[in-house]
Amino acid sequence: MSYIDAVEKTEVPHPPKYYTAPSFEEVCGIPIAYRRQGEGEATVFMHGAGFTRRWLPMYEMLAENVDLIAPESPGFGETPMPSWFRDFSDLSIIYDQLFTQLGLDQIHLIGYSMGGWAASEFAAYYPRRLKSLTLIVPVGLRLEDNPGVDLFQLGPEELMDRLFNDKKVMVEFMEGMDDFDEGIHLYSEFSAAARLMWAPRYNLALERRLQRLTCPSMVVRAEDDHLIPNEMAEKFAATLPNSRLVQIPETGHEPCLERPKELVNEIAGFISEVSK
Amino acid sequence: MNALRFYGFNLMPYPFIPPTAEFESTWVSLSNKHYEPERGRQLYNEYIDQLVAAERYGFDGIGVNEHHANFYGTMPSPNIIAAMLIQRTKHIPIGVIGNAIPLHGNPLRVAEEVAMLDVISGGRIISGFVRGIGCEYFNNGVAPGDSVERFFEAHDLIIKAWTDEGPFTWQGDHFYVPNVNPIPRPIQDPHPPIWIPGQGSLETLQFIAKHKYTYMMVFAPQWFTKLAFDGLREECKLLGYEAPKSMFNAAVPAYVAETDEQAHREAKAHLSWIYNTGLKIPDQIFFPPGYMTQKSFRNFMSALNKGKVKKQAQLTYDEMIKDRYIIVGSPETVRNQIGEYCDDVGAGGIIFGGGGIGPMPNWMVMKGMQIFSEEVMPEFREADGKPDYLRDEPPAPQTYSETAARIGRPPEAARSIVSGSDELIDHRVAHLPEVIDASLEASSNAKPKASAG
């Protein structure tokens with residue numbers, strides 16, 4: 001097997017709400033799906049382990065302020081996962097190559113949840129590519145005395161309950177998610193998440209490697225996250241050399257869906273401040 | 001050769017847990033605070049007694065397997081139980097069916113342990129390999145998505161370790177071992193028979209067909225076992241050979257008592273426990289992400305949706321009987337149903353038939369086993385009633401005299417240089433003063449005289 005095995009595009013179900021057709025860029029033999037909109041500072045959003053295939057209201061709001069690029073990682077959304085794909089180092093190299101092919105040199109990078117881990121890894125490998133780093137309820141560091149709940153042991157109901165503090169928002173975004181094909185697709189996305197995060201649920205080296213960052217960074221914590229311990233965001237903020245910590249009120253692990261306006265205000269303000 | 005082989009098997013459950021409705025899963029999340037070692041001690045010893053008894057009752061083999069962090073089967077290390085069984089039995093084959101080889105950091109450990117068991121038992125070991133069910137992956141750092149690849153690679157490594165002369169280097173995708181040189185090597189040539197328990201996935205069937213291994217279908221309804229066996233026969237045909245019946249074993253718990261009515265009375269609660277409680281596992285624990293391919297997951301969920309299969313935790317006792325997950329009845333009923341079952345699916349062996357299962361009390365297991373061995377087994381045996389292994393030539397010498405006669409006597413003696421002498425001395429006589437003296441004298445005569453100054 002060669003390092004790069006080309007993989008074919010696969011048919012995936014389209015969520016009923018906010019679905020948009022992506023563009024594709026072939027990177028390392030993988031057709032990477034991405035959505036892009038807006039003008040201004042090139043800003044990349046790395047998604048969490050879910051809510052793919054959509055141009056979310058939050059993206060729309062961000063795109064009013066920046067040139068937003070939202071790629072889908074291998075195994076998520078419409079990007080297929082090759083068998084050689086293993087870990088965040090593979091992902092970082094794929095993203096570096098993607099940005100080169102899209103003509104992006106320096107970017108503002110945002111990562112949400114698992115995407116916060118992905119963004120941190122990318123930042124540690126390619127610090128000179130970043131103008132700023134924003135991590136929204138990220139994972140990826142070790143909290144010695146608080147491993148948190150095991151995401152993969154949660155049944156669908158408990159998972160949803162822990163993801164959303166605002167159940168009205170949950171109902172809006174879970175519409176159509178009980179569809180059979182969607183269920184199969186989500187198992188597949190979770191399999192990709194497990195490939196990246198099954199064990200361990202942290203990268204100890206990140207604590208050292210993130211010290212290479214010179215760009216400003218911002219960590220967003222929820223008011224009361226029921227999935228990931230709130231201390232995780234605090235630890236990221238304490239670890240990053242040039243960082244600030246902000247909190248979005250009345251949010252759980254889904255600030256992007258629950259309070260997009262407040263969140264976008266913070267991020268857009270931060271990006272515009274560091275871009276001056 | 002007998003028409004059918006019977007293998008005793010014991011999962012070694014720990015049934016003293018809260019009522020089923022009070023917890024979500026018998027695996028992974030139900031706390032080990034419910035495990036009382038004092039009760040566990042008694043259970044282990046009863047279960048071992050039952051397996052040992054299977055030899056005198058006349059079973060064709062006894063088996064153990066590996067599961068983790070659950071109350072359904074408390075044998076995280078089956079090789080330990082197999083080691084005890086070796087010491088307490090004389091001739092009966094012992095199956096470790098199987099070791100969950102993808103879970104181990106270095107599969108060579110399994111190659112070493114199974115070789116030890118095989119050598120000590122004089123070649124009585126059947127070596128089974130499994131991926132482990134999805135639940136096992138929560139208890140270690142192996143990603144469920146790596147399970148299939150690790151299974152195949154661990155298998156290749158173990159077989160090569162048993163068959164190729166060491167030392168060699170293993171350079172795999174998942175395992176790297178700079179020096180593979182297991183000592184001991186197995187006594188069976190080229191290695192113990194390999195059994196593969198499985199749920200009938202095409203990948204597993206093709207693997208078994210390719211290697212001509214023995215298949216063991218895990219708990220399933222009769223129609224599904226038949227489907228899987230037909231699939232395996234087809235795969236063997238594609239490779240140009242007719243699969244012998246001995247390649248097919250079905251796991252069918254069977255219980256026999258004086259009458260049909262009495263058998264159901266005695267068995268119902270215990271056999272139901274295995275499925276309804278022992279296998280109460282929520283989907284996300286049973287199939288952690290990546291354990292199944294998207295295609296297998298789709299097939300499985302679609303079969304569930306269409307009502308073609310039912311979750312084992314939701315089966316009623318009547319459904320278990322009707323779909324022949326289990327066989328229960330008088331000796332006549334059980335003889336007939338086992339006969340029909342094996343003719344229909346084409347099985348050469350039945351696992352769990354007549355052995356201990358679920359929380360059934362020890363005395364009831366022993367009662368059932370005795371009736372089973374006296375009133376069911378002979379129906380499927382040659383006129384002498386013996387298990388095949390008592391008629392076949394044993395795989396290895398069974399006595400020292402045989403070993404000496406076959407391997408040669410005296411064998412090449414262990415010899416080494418004893419302090420003060422340059423001569424190699426035979427260890428068998430190395431303690432005799434006259435031998436030591438003679439050796440010292442011989443070596444001093446051989447030395448050139450030391451010259452003065």
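In chain B, the centres of domain 1 and domain 2, taken over C-alpha atoms, sit 53 Å apart. Domain 1 covers residues 5-401 and domain 2 covers 412-446, with bounds that come from an automatic or database domain assignment. The model is a predicted one, so to speak of local features takes a pLDDT of at least 70 and side-chain atom pairs count only at pLDDT 80 or more, while totals for chains, interfaces and linings use all residues. Residues are numbered from 1 along each chain as its sequence is written, and chains are lettered from A and ligands numbered from 1 in the order in which they are written.

Along its principal axes, the C-alpha trace of chain B spans about 100 × 55 × 50 Å. Of the 453 residues of chain B, 43% are buried, that is, with 20 or more other C-beta atoms, placed from the backbone, within 10 Å of their own.

Chain A has 10 helices and 8 strands, and its C-alpha atoms fill a box of roughly 40 × 40 × 40 Å along the principal axes. Some 46% of the residues of chain A count as buried.

Now to where the chains meet. Here 18 residues of chain B are in contact with 17 of chain A, contact being C-beta atoms, placed from the backbone, within 7 Å. On the chain B side, α8 (283-286) and α9 (294-305) are the elements that give two or more residues, and α9(B) gives the most, with 5. That side divides into 10 nonpolar, 7 polar and 1 charged residues (nonpolar: Ala, Val, Leu, Ile, Met, Phe, Trp, Tyr, Cys and Pro; charged: Asp, Glu, Lys and Arg; polar: the others, Gly among them).

Helix α6 of chain A (residues 180-197) pairs with α9(B): their axes come within 10 Å and cross at roughly 145°, with axes fitted to C-alpha atoms over the stretch in contact and angles running from 0 to 180 degrees between N-to-C directions. Among the residues making this contact are A:Phe180, A:Ile184 and A:Tyr187 from α6(A), and B:Phe297, B:Arg298 and B:Met301 from α9(B).

Conventions
Two residues are in contact if their C-beta atoms, placed from the backbone, lie within 7 Å. Helices (H or I, at least four residues) and strands (E, at least two) are DSSP runs, numbered from the N terminus. A residue is buried if 20 or more other C-beta atoms lie within 10 Å of its own, exposed if 12 or fewer, and partly exposed in between; C-beta atoms are placed from the backbone.
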